[in-house]
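Hello,

Here is the structure I said I would pass on. My notes on it follow below.

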Amino acid sequence: METTAGIRVPDSAMCKHATDLVRATESDLLFHHSRRVFFFAALTGSSKKLKYDVELLYIGAMFHDMGLTPKYATKTERFEVDGANAAAAFLRQYKIKEEDIDLVWDGIALHTTPGIPQYKKPVVALVTAGVEMDVLGLGFDNVSEENRVEVEVAHPRGDDFKNGILQAFYDGIKDKPDTTFGNVKADATA
C-alpha cells in the first residue's frame, strides 16, 4: 500500500483502476498534479479533523482535470463538467451510490469556482483545497513543510509547473472559451 506524508492511497480495485485510467489519459504534469491534489486535500482534511470517504476524495482529485484531455472533453461543456461527468460514469461502473457520485461530481465541477466549495461537504471542499494548494499556494498553513516536500518528491512538479499547467489549461479550453465564464480559467484563454 502506497503511503506518502502519512496519507495512504486507497488500494481498492476501483481506486487502482482510476489510477491506471488517469495515468494512461493525462500527461505526466496533470497526473502528478492530480496526485498532489489528493495528498494535499487529505492532509488538509486531517489537519481540520474532517470526516470523509477517502476513496471518493481520491476519485475527485484524480478526475478533476480529466475534462482537459481530448478523450473526455466535449465541445460545449466546461472542462470541470466534462471531468465530473467522466468521474460519475466511472463510479457508476462500481455501483457507487448516487448521493456519493453527486459529492464527487460537485467537488470536480466546483473546483475552479472560488468561494463556494468550502461551504460544501468535506469531499467537495477538500478537492478544491487540494487544487488551490497545489496551483495557487493557498492553505499551506494546513500542511507541514515536511509533508509538502514529501508529496512533491513522490509527485514532482517538474521544472516549470506554473507555465506547464497554464499551457494544459489553455490547450484544454482554447476551443471553448465561452465555457470559462465565472471561473478562474477565463484568463487562460485571453
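**The loop histidine, and the rest**

His-155 lies in the loop that runs between helix 7 (145-154) and helix 8 (161-173). Please keep in mind that this is a predicted model. His-155 has a relative accessibility of 5%, so the residue counts as buried. Setting aside residues up to four places away in sequence, His-155 touches Glu-2, Phe-31, His-32, Arg-35, Arg-36 and Phe-39.

Two of those partners come up again. Phe-31 has the charged end of Arg-23 over its ring, 4.4 Å from the ring centre. Phe-39 belongs to an aromatic cluster together with Phe-38 and Tyr-58.

**The chain as a whole**

The chain has eight helices and two strands. In sequence order the pattern is β-β-α-α-α-α-α-α-α-α. The C-alpha trace spans about 40 × 40 × 35 Å along its principal axes.

Of the 190 residues, 49% count as buried. The accessible surface comes to about 9,300 Å², and carbon and sulfur atoms account for 52% of that area. Taking the contacts between residues at least 6 apart in sequence, 70% join residues that are at least 24 apart.

**Helix 3**

Why is helix 3 described as largely enclosed by the rest of the structure? Helix 3 covers residues 54-63, and eight of its ten residues are buried, so the rest of the structure largely encloses it. The buried residues are Leu-56, Leu-57, Tyr-58, Ile-59, Gly-60, Ala-61, Met-62 and Phe-63.

- helix 1 (13-25) and helix 2 (28-47)
- helix 4 (79-93) and helix 5 (98-109)
- helix 6 (122-136)

At the start of helix 3, a side-chain oxygen of Asp-53 comes to within 2.8 Å of the backbone nitrogen of Glu-55.

**Helix 4 and the residues around it**

Asp-82 is in helix 4. Its relative accessibility is 3%, so Asp-82 counts as buried although it is an aspartate. Apart from neighbours within four places in sequence, Asp-82 is in contact with Gly-67, Tyr-72, Ala-73, Thr-74, Glu-77 and Lys-176.

The count of aromatic pairs comes to four. Phe-90 and Tyr-94 make up a tilted pair, with 5.4 Å from centre to centre and 45° between the planes.

Met-133 is placed in helix 6. With a relative accessibility of 2%, Met-133 counts as buried. Which residues does Met-133 contact, leaving aside its neighbours within four places in sequence? They are Phe-40, Thr-44, Leu-138, Gly-139, Phe-140 and Val-143. Met-133 is 22 residues from His-111 in sequence, and the two are 12 Å apart in space, C-alpha to C-alpha.

Phe-140, among the contacts of Met-133, has Arg-148 over its face, 4.1 Å from the ring centre.

Asn-147 sits in helix 7. Its relative accessibility is 19%, and the cut-off for buried is under 20%, so Asn-147 counts as buried. Not counting residues up to four places away in sequence, Asn-147 touches Ala-5 and Leu-43. Asn-147 and Thr-3 are 144 residues apart in sequence, yet their C-alpha atoms are 12 Å apart in space.

**In brief**

His-155, in the loop between helix 7 and helix 8, counts as buried. Helix 3 is largely enclosed by the rest of the structure. Arginines sit over two phenylalanine rings: Arg-23 over Phe-31 and Arg-148 over Phe-140.

Regards

How values were computed:
Residues are numbered from 1 along each chain as its sequence is written. This is a predicted model: local features need pLDDT of at least 70, side-chain atom pairs count only at pLDDT 80 or more; totals for chains, interfaces and linings use all residues. Side-chain values use heavy atoms; hydrogens and water are left out. Rings of Phe, Tyr and Trp (its six-membered ring) pair if their centres lie within 6.5 Å; planes under 30 degrees apart count as stacked, over 60 as edge-to-face and the rest as tilted. A charge sits over a ring if NZ of Lys or CZ of Arg is within 6 Å of the ring centre and within 35 degrees of the ring normal. Helices (H or I, at least four residues) and strands (E, at least two) are DSSP runs, numbered from the N terminus. Buried means under 20% relative accessible area, exposed over 50%, partly exposed in between (1.4 Å probe, protein chains only). Contact means heavy atoms within 4.5 Å. Accessible areas come from the Shrake-Rupley method with a 1.4 Å probe; for residues, only the protein chains shown count as cover. A polar contact is a pair of N or O atoms within 3.5 Å; within protein, one must be able to donate a hydrogen and the other to accept it, and residues adjacent in sequence count only if both atoms are side-chain atoms.
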